[in-house]
Amino acid sequence: MKMARQYLFSQTSFFFFTLLVAVSANFFRDIDITWGSGRGKIWENGDLLQLSLDRFSGSGFQSKQEYLFGRIDMKIKLVPGNSAGTVTAYYLSSQGTTHDEIDFEFLGNVSGEPYILHTNVFTQGKGNREQQFYLWFDPRLDFHTYSVLWNRQQILFYVDATPIRVFKNAQGAGVPYPDSQPMRLYSSLWNADDWATRGGLVKTDWSQAPFFASYRSFYSDACVWSGGRSTCSGATPEWWDQSLDADGARKLRWFREKYMIYDYCRDNARFPRGLPVECSLSP
Ligand SMILES: *[C@@H]1O[C@H](CO)[C@@H](O)[C@H](O)[C@H]1NC(C)=O
């Protein structure tokens, strides 16, 4: 049992870990701004982070820590006004060509027209699992919480505590599942006006630049991976075996019926030899 050995860890360390995560988020402590030559900034003693984009560059950050399973929350306020052509990506990813990735990407739009939330899951370097949604609110007006719950059974995507997508562990059916490569949290704001808004028809209006995306309340209750060891032990975190309850399943169905725009699992034309195996297992 490789898993059991990986998560074997002393009770003391686990206790220390739970103490650590109880401390409120601070971007100075938890995040490195990694690119954008000063276009990403931390304000308010570490409570607020802003990424910006102008015609010369976007910007991005990553978490200092790597995680192998966990629950990650972030409050994000997307680019206000005319954000057409811009993309704000918020994702977990491991390294290398066979990397795993759990993606939220927010595709901007002209004022008054809806953002699209684009999601994807990569396992062993392979994605092609796009699902796109509208939201039931305008994500430019306020901060909303975007979360990932990643355990051994499934990956759950949440928006303000409403589950919007599930990717189940279907290793039994031969579908690779992210369970061994630690991931970091990343976010970036960049120009993608060749495809983002109405498929690239609407271009970024640079007279509106700089564009800003704002972040608050980063929260991670996760197994931190460091030096080949995980902080999770036998005393497992609350989310370790969590899956959707009846209420969650009902919310998920409501959301997907009302707001889904695109689902690779319904795109028969794209997969003429049959839909991917996991499509018959996840809702
Ligand atoms: C932008 O608005 C148009 C018109 O309402 C819509 O078709 C499109 O899905 C919206 N979102 C994006 C990202 O293109």
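Modeller: We may begin with a definition: UniProt annotations may be inferred rather than shown by experiment. Please keep in mind also that this is a predicted model.

Biologist: Which residue does UniProt list for "glycosylation site", and where is Asn-109 found?

Modeller: The unreviewed UniProt entry lists Asn-109 under "glycosylation site". Asn-109 is found in the loop between β7 (101–107) and β8.

Biologist: Is Asn-109 buried or exposed?

Modeller: A residue is buried if 20 or more other C-beta atoms lie within 10 Å of its own. Asn-109 has 23 C-beta neighbours inside 10 Å and therefore counts as buried. Leaving aside neighbours within four places in sequence, Asn-109 is in contact with Ser-83, Ala-84, Pro-114, Tyr-115 and Thr-197.

Biologist: Which residues surround the ligand?

Modeller: Asn-109 is one of them, and the others are Leu-107, Glu-113, Pro-114, Ile-116, Ala-196, Thr-197 and Arg-198. By class, this shell has 4 nonpolar, 2 polar and 2 charged residues.

Biologist: Which residues does the "active site" annotation cover?

Modeller: The annotation, again from an unreviewed UniProt entry, covers Glu-101 and Glu-105. Glu-101 lies in strand β7, and Glu-105 lies in strand β7 as well.

Biologist: How many other C-beta atoms lie within 10 Å of Glu-101, and which residues is Glu-105 in contact with?

Modeller: Glu-101 has 19 other C-beta atoms within 10 Å, so Glu-101 is partly exposed. Glu-105 is partly exposed too, with 19 other C-beta atoms within 10 Å. Beyond four places in sequence, Glu-105 is in contact with Val-87, Ala-89 and His-118, whereas the contacts of Glu-101 are Tyr-91, Leu-92, Ser-93, Phe-122 and Gly-127.

Biologist: In what order do the strands of the open sheet stand?

Modeller: The order is β1-β4-β13-β6-β7-β8-β9-β16, that is, 8 strands with antiparallel pairing. β1 (31–35) and β16 (260–263) each have a single partner strand, so one side of each is left without a neighbour in the sheet. From one strand to the next, the twist averages 15 degrees.

Biologist: How many bridges join β8 and β9?

Modeller: Strand β8 (residues 116–122) and strand β9 (residues 131–133) pair over 3 bridges in the antiparallel sense. Within this pairing, Leu-117 stands opposite Phe-133 in β9.

Biologist: What separates the C-alpha atoms of His-144 and Lys-75?

Modeller: These C-alpha atoms are separated by 5.1 Å, although the two residues are 69 residues apart along the chain. His-144 lies in strand β10 (residues 144–150), and its contacts beyond four places in sequence include Lys-75, Ile-76 and Asp-160.

How values were computed
Residues numbered from 1 in each chain as written. Predicted model: local features only at pLDDT ≥ 70, side-chain atom pairs only at ≥ 80, totals over all residues. Pairing = 2+ DSSP bridges. Helix = DSSP H or I, 4+ residues; strand = E, 2+ residues; numbered from the N terminus. Axes fitted to C-alpha atoms, helices over the stretch in contact; angles between N-to-C directions. Buried ≥ 20, exposed ≤ 12 C-beta atoms within 10 Å, placed from the backbone. Contact = placed C-beta atoms within 7 Å. Near = placed C-beta within 6 Å. Nonpolar A, V, L, I, M, F, W, Y, C, P; charged D, E, K, R; others polar.
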